[in-house]
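Here is my note for your first look at this model. Please keep the structure open while you read the points.

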Amino acid sequence: MRRADAAGSNYLAELTELQAGDLSAGDSQLKFQWFQQKLALTTRLTDADLANLTPLSLVDMRDDMRVEIRVELVSLDKLTAALQQLSSESVLGFDTETRASFEPGVQYPLSLVQLATSDTCYLFQQAVLGERLAELKPLLENEQILKVGIGLRGDGQALKRDWDIQVSPRLDLNWAMAQLGAGKEMGTRQLVAALLHKRIDKPKK
C-alpha cells in the first residue's frame, strides 16, 4: 500500500509541476484523466457505493437522438438475418451462459450465446435453435471481427467443447484493465461502475 501511495504522490507532484499546475493544458488534462481512471480501476466499490450510482439505461442519447438498446431472442426463422447483420460488424460484445453445476464431475452443456452490436444484443439459445447453433461457427471464428467480453476463458472452452468453435480473435476486458492498472479481476458491475459511473442491476432471476 505504501508503494502505491508513494507512486501516486510522485505522479501528482510531477503533474502539478507540469505546465505550472495548469490543468487546462491538453497534455496535463489527459494525464490527470488517466490518473483518475487508474484510481477508479484500483478501487472496488462497496454495495452501498453501487446503490448510489445511476442505473445503466437501455435508452441512450446519441447526436441528440434517442436510441433504445434492443434485446432480441433469435428464433429459427430469424437466425440467418441475425448472422448476416452481425457479420457486418467489426467489434462484437460476447458472452455465454451455462447452467451451474454443484456436483463433482457433472457438467452441463452451453445454453446461451450473447452477441451485441452498439444498439442490439442478440440471444442465441440452444433450447430454441438446437443443432443450428453450430451456424455461429463462421461468425465466431471470423478473424476480421473482434469479440470483446469479460472472463472469456470459460466461454471459449464451452464453445470449443460443445460445438468445436474456436472463438477468435477476442479481447478480455479484465486483461485490458490489468494493463491499465486494475489490481485484480473485476466483474461486469465493477467495470461498468469504474468506467461509466453507472450501476448494472442483475436480478437473480
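1. Pro169 sits in the loop between helix 7 (152–163) and strand 9 (170–172). Helices (H or I, at least four residues) and strands (E, at least two) are DSSP runs, numbered from the N terminus. The peptide bond from Ser168 to Pro169 is cis, and its omega is near -10 degrees.

2. A word on the source. This is a predicted model, in which local features need pLDDT of at least 70 and side-chain atom pairs count only at pLDDT 80 or more, while totals for chains, interfaces and linings use all residues. Residues are numbered from 1 along each chain as its sequence is written, and side-chain values use heavy atoms, with hydrogens and water left out.

3. Asp164 is also in the loop between helix 7 and strand 9. Its phi is positive, near 55 degrees, and it is a residue other than glycine. Asp164 counts as partly exposed, because its relative accessibility is 43% (buried means under 20% relative accessible area, exposed over 50%, partly exposed in between; 1.4 Å probe, protein chains only).

4. Look next at His197, which follows helix 9. His197 lies in the loop between helix 9 and strand 10 (198–199). It is not a glycine, yet its phi is positive, about 55 degrees. Is His197 buried or exposed? His197 counts as exposed, because its relative accessibility is 52%.

5. Helix 9 itself covers residues 188–196. Its buried residues are Gln190, Leu191, Val192, Ala193 and Ala194.

6. Glu72 is in strand 4 (residues 70–73). It counts as buried, because its relative accessible area is 17%. Which side chain does the side chain of Glu72 meet in a polar contact? The partner is the side chain of Arg70, at 3.2 Å. A polar contact is a pair of N or O atoms within 3.5 Å; within protein, one must be able to donate a hydrogen and the other to accept it, and residues adjacent in sequence count only if both atoms are side-chain atoms.

7. Leaving aside residues up to four places away in sequence, Glu72 touches Lys78, Thr120, Cys121, Tyr122 and Leu123. Contact means heavy atoms within 4.5 Å.

8. Now the whole protein. It has nine helices and 10 strands. Of its 205 residues, 28% are buried. Take the contacts between residues at least 6 apart in sequence: 58% join residues at least 24 apart.
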